Amino acid sequence: MNVIKFGGTSVANAQNIQRSINIIKQKREKESVIVVVSALGGVTDLLLNAATQASEKQNNYKEILEEVEKRHLDTVKELIPVAGQSAVLSHVNRELNHLETLMEGCCLLAELSERTKDLILSFGELLSSYIISEALKAQGEDAVLADSRDLIVTNSRFGKASVDFEATNKLIFDYYERSNKRVTVMPGFIAKSADGHTTTLGRGGSDYTAAIVAAALEVPSLEIWTDVNGIFTANPKLVKQAEPIPYITFEEAMELSHFGAKVLYAPTIQPILNKDITLHIKNTFEPEAHGSVISKAPEVKSDNPIRGISNVDNTTLITLEGPGMVGVAGFSKRLFDVISKENVSVIFITQASSEHSICLGIADNEAAKAEAAINAEFSFEIQQGKIYPAIIENGLSIIAVVGENMKNHQGLSGRMFSTLGKNNINIRAIAQGASERNISAVIDSKDVKKALNTLHETFFEDATVQLNLFVMGVGNVGERFIAQIQKQAQYLRDNLHLNVRIAGLANSRTMYFDEEGIDLENWKAVLPQGEASDFDGFIKNIKGLNLRNSIFVDNTASHEVAATYAQYLKSSIGVVTCNKVACSSEFSNYKYLKNLSRQYNAPFLFETNVGAGLPIIDTLKNLVASGDRVHKIQAVLSGSLNFIFNNFNDTTAFRDVVKQAMVEGYTEPDPKIDLSGVDVKRKLVILIRESGYEMEIDDIATISFLPDECMATTNNDDFLVSLEKNADHFNALYKKAADNGDRLKFVASFENGKANVGLQFIPQSHPFYNLEGKDNIVLFYTDRYADQPLIIKGAGAGADVTASGIFADVIRIGNR
């Protein structure tokens, strides 16, 4: 004999019921089966809603009853052949008429007692079990309907009755000793009190019914058929990467179900735990799938000490604290006594070792009565100032990491809390049992999804890290950056175990977000469909999505965007930027951002501020970190200026070369930033600061080569015109260099605390002389590189290399 239970979507409609019947037939071929059935999908909620509406004298309860009637009658008509429908429909209609009478009574009395509520809710299971038993008979099965109320005896705690197992076990055993039917169908969830009233067994009571029957008959296995492939490593609705757990112990399953794994009702395990009955969780829609097997000693043991991650939402934390609690016996007893008297279930407990405070986690809907009862019980101590009124914190959830073998592995709690901390998830309370089978933490409800995904990534996903990027600026650099992400996505997953997604995009007009990641083949089409661009709105959306490992990528040259970095860092959102404004601003702001990065464990990377994709800043950081000291810096830091002076000659107008550099994307949007030396000054001050020196950009002297007329222009067109008008000035500079065998280079220098930038005539013997194209070069003179400098040289301008430098910073964060 075998006990199986069908519920949820398994009995949501006629088509799904037929799937369940097919499974029953297959089981029946091997042995007789007992089938426990839930109400048709959603009917219990409809009945509760209708009863509540009726008790409040709202006539729309009749519309709800009509929907309940339609569902049951339609199911009969689809499952039962026409010739056999009459008797079945008559029975169903009689039951529905009885139900309607009860609802009318609630309406007339304007009352809904717990006892009446249990009676009303029982109709869902009674009707569905009757319909399924008749459908089995119509298909030639040797089936019979048994009423659970005749077999399961409870107390009179309506809504969540306690079972009298001694009486129940005898009734069940005697009934099945007499029965010779191959298939027995019985309703789940419902029972009867000793004095003859219908009771219910609480949420998930149908699972519990099946377990009660299985334990009474001591069958070898119990099967619960649902709409998922077993118990998952996390809630698959919140964690897309969650997977079914093939084998799990009873204790682990109980922990997970207690902490919100809704596929299994926690009390289900209790009756079968000591009977060595194996529990199978199976999927009606994928009957061949393995599902989850729950037993005392699983056939296959996992190397991973963590079996699953679960959560309980809608939690309130109640804290009782005060100096009068320290060293005084009896406070805890009084607290739990008063909670018990109010029938409040405590799902989380933690106490400071100083005995100064104790915290309880309870359901939100029980918080008000618990608070009132606690304050009443301790009113004298509160008046005396020995303890304080109960502190109530709501909007919380509990997350739990569960595993039988956790106690044999060091560092798991450290990994858990480190992972949460890196993602700015604040922990309000912590609890761990002596068995070390469970580590629980209370967090804000808004952080649950991020916490589950982050922990699942840490413990189950082969060290694969998901990075969620929010990209502002999709011009030359931004477009190429997106293209590089798209091209390398598979490589990153396969080789670096990084899953890089772009979850938000913005240009100056619109911004678009997708929590699941934007389709990078289609981003140009979806971006215009987004909302109007707004800096504060962009931050608000990122915080609202609250995705793990979030990184803001700034591909602009905007002062306004740079001014928002602190808001991201304070929210533990990493910042990657090619925008030099922030790091070259006032030294106090530069240090402030660096300190925020450390304080909130939020990466702040800006490699592309100097040298585009060249590893200049990273190399400099490593020098300083290893104890070296920089004395002198010489550099050509503007790829655009190097491109311009390498291509400027006696046959090509200076204005035309500048225009070419603008078109090819080598200059800033405003080319005066490059040609005036402002861009080079920004880069130099960043290098000086990263070398460990304090300097403001205004402390750097500028030797300008641009006439005042050029500098006075206010737009690019006028600037180009001014360059053409002053052609003689630029030609004279070129001729002077050519006559001496020199080349023109715009050089940045730092030595002995002094810094300057300007155009220089470079002789053939100098390392800068042969610098071609748009290349950059930096010479670092340090304690270790005193005579021969450390030289870094390569392409220092262009959208592709800048994008690759941003990409490299993103990868650095992923590899942390």
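**Ground rules.** I'm working with a predicted model, where local features need pLDDT of at least 70, side-chain atom pairs count only at pLDDT 80 or more, and totals for chains, interfaces and linings use all residues. Residues are numbered from 1 along each chain as its sequence is written, and side-chain values use heavy atoms, with hydrogens and water left out.

**Strands.** I took helices (H or I, at least four residues) and strands (E, at least two) as DSSP runs, numbered from the N terminus. I call two strands paired if DSSP finds at least two bridges between them.

I started with S10 (residues 278-283), which runs parallel to S8 (residues 221-226), with 6 bridges joining them. Trp225 sits opposite Lys282 of S10 here. S10 also has an antiparallel partner, S11 (residues 292-295), through 3 bridges. There I found His280 facing Val293 of S11.

Next I traced an open sheet of 7 strands with mixed pairing, in the order S21-S20-S19-S18-S22-S23-S24. S21 (531-532) and S24 (604-605) are its edges; each has a single partner strand, so one side of each lacks a neighbour in the sheet. Within it, S18 (residues 465-472) and S22 (residues 550-554) pair in parallel over 5 bridges. Met472 has Asp554 in S22 as its bridge partner.

**Salt bridges.** My criterion was a side-chain nitrogen of Lys or Arg within 4 Å of a carboxyl oxygen of Asp or Glu. Searching the whole structure gave me 37 salt bridges. For exposure I used relative accessible area: buried is under 20%, exposed over 50%, partly exposed in between (1.4 Å probe, protein chains only).

I looked up Asp142 and Lys181, whose closest N and O atoms are 3.3 Å apart in a salt bridge. The pair links distant parts of the chain, 39 residues apart: Asp142 is in the loop between H5 (114-138) and S3 (143-145), and Lys181 is in the loop between H6 (165-178) and S5 (183-187). Asp142 is partly exposed at 31%, and Lys181 is partly exposed at 35%.

Then I checked Arg548 and Glu457, which form a salt bridge at 3.2 Å, N to O. Arg548 is in the loop between H17 (535-545) and S22, and Glu457 is in H14 (residues 448-460), 91 residues apart. Buried or exposed, Arg548 and Glu457? Both are buried.

I also noted Asp618 and Arg812, with a salt bridge of 3.9 Å, N to O. Asp618 lies in H21 (residues 616-625) and Arg812 in H29 (residues 799-814), so this pair ties together parts 194 residues apart in sequence.

**Surface charge.** For patches I took residues with over 30% relative accessible area and no salt bridge, joining like charges within 9 Å (nonpolar side chains, Val, Leu, Ile, Met, Phe, Trp and Tyr, are joined within 5 Å).

I found a negative surface patch made of Glu63, Glu66, Glu69, Glu100 and Glu104. H3 (61-79) and H4 (85-109) are the elements that give two or more residues to this patch. H3 supplies the largest share, 3 residues. Glu66 belongs to H3 and is exposed at 51%.

On the positive side, I noted a surface patch of Arg157, Lys160, Arg203 and Lys369. Lys369 lies in H11 (residues 367-377) and is partly exposed at 36%.

Note on methods
Areas by Shrake-Rupley, 256 points an atom, 1.4 Å probe, with all protein chains shown as cover. Lys, Arg positive; Asp, Glu negative; His and termini not counted. Charge placed at Lys NZ, Arg CZ, Asp CG, Glu CD.
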